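Biologist: I would like a close look at a single part of this protein. Please keep it brisk.

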Amino acid sequence: MSEEENPAAEPLPVQDVQGDGRWMSQHNRFVQECKDAEPDVLFVGDSMVQLMQQYEVWRELFSPLHALNFGIGGDTTNNVLWRLQNGELENIRPRVVVLWVGTNNHEHTAEQVTGGIVAIVQLLHSRLPKAKIIVLALLPRGELPNPLREKNSAVNNYLRAALPRLGPVQFLDVSGGFVHSDGTVSCRDMFDFLHLTASGYSVVATPLHELLLQLLEETPQERRASLV
């Protein structure tokens, strides 16, 4: 499926239906951060990325790696694509990019969501050819089995097949530990059965941190001065 045929791979800003301009303000703040920061790791995505920095795992594990957090709650693959095409990759040369997005693409099929994530990976490769990319699997959602949970699982299966063909990208699936044997998700892991608690983030953060350390060790540092 080409990007032209896939509505999930079309770059779109968020419509300011609430009238306070918050989404664009967050985007503009990220663009400004690019002018001052020299991150080794860039996190980009939706609320799963955004809320991570509220927890101890960010301060303990990711902040010491010179990480930037470009997460915005509610973002779809469309919104992340638009942000990355409109300034959020300017002036920075992260060695690793962590991408976590797709659970908010409610209007799109699993195949379309996969295509949207692939389009973001391809954009990252073209703009940051030396960077390694980690794509995090979509997590289960809802206390009980439901169609959205099934769709997220399907997206993960498609990604597992599609991503190895795209170059230096790793798929990290940390979704398995959240569904109990009776099919339920616990509020101890996801306080609203979607967003993670501190213990939920620990499940994700430990293998992600290990993979980041490995990739950073393999990837040479490229400072901005060398690009002038």
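How many residues does helix 6 have, and what does it reach from its first C-alpha to its last? Please go on from there to its surroundings.

Modeller: This is a predicted model. Helix 6 covers residues 147-162, which makes 16 residues. From first C-alpha to last it reaches 22 Å, close to the 22 Å expected at 1.5 Å a residue.

Start at the beginning of the helix. There, a side-chain oxygen of N146 comes to within 3.0 Å of the backbone nitrogen of L148.

Now the burial pattern. R149, K151, N152, V155, N156, L159 and A162 are buried in helix 6. Seen down the helix axis, these buried residues fall within an arc of 160 degrees, so they line one face. An α-helix has 3.6 residues a turn, so residues three or four places apart point the same way. P147 and E150 are exposed, on the other side of helix 6.

What does the buried face meet? Its residues pack against helix 5 (110-127), strand 4 (132-136) and strand 5 (169-172).

Next, the wider packing. The largest nonpolar core has 39 residues. Among those with the most contacts inside it are I117, I120, V121 and L124. Helix 6 supplies at least two residues of this core, as do strand 4 and helix 1 (22-36), among others. The largest share, nine residues, comes from helix 5. Take I120: leaving out residues up to four places away in sequence, I120 touches T77, V80, L81, L84, L99 and V101. A second, separate core has 31 residues, including L65, V98, W100 and L212.

Notes. Residues are numbered from 1 along each chain as its sequence is written. This is a predicted model: local features need pLDDT of at least 70, side-chain atom pairs count only at pLDDT 80 or more; totals for chains, interfaces and linings use all residues. Side-chain values use heavy atoms; hydrogens and water are left out. Helices (H or I, at least four residues) and strands (E, at least two) are DSSP runs, numbered from the N terminus. The expected span of a helix is 1.5 Å times one less than its number of residues. Buried means under 20% relative accessible area, exposed over 50%, partly exposed in between (1.4 Å probe, protein chains only). The arc is that of the directions from the helix axis to the C-beta atoms. Contact means heavy atoms within 4.5 Å. A polar contact is a pair of N or O atoms within 3.5 Å; within protein, one must be able to donate a hydrogen and the other to accept it, and residues adjacent in sequence count only if both atoms are side-chain atoms. A nonpolar core is a set of buried Ala, Val, Leu, Ile, Met, Phe, Trp, Tyr and Cys residues joined through side-chain atoms within 4.5 Å.
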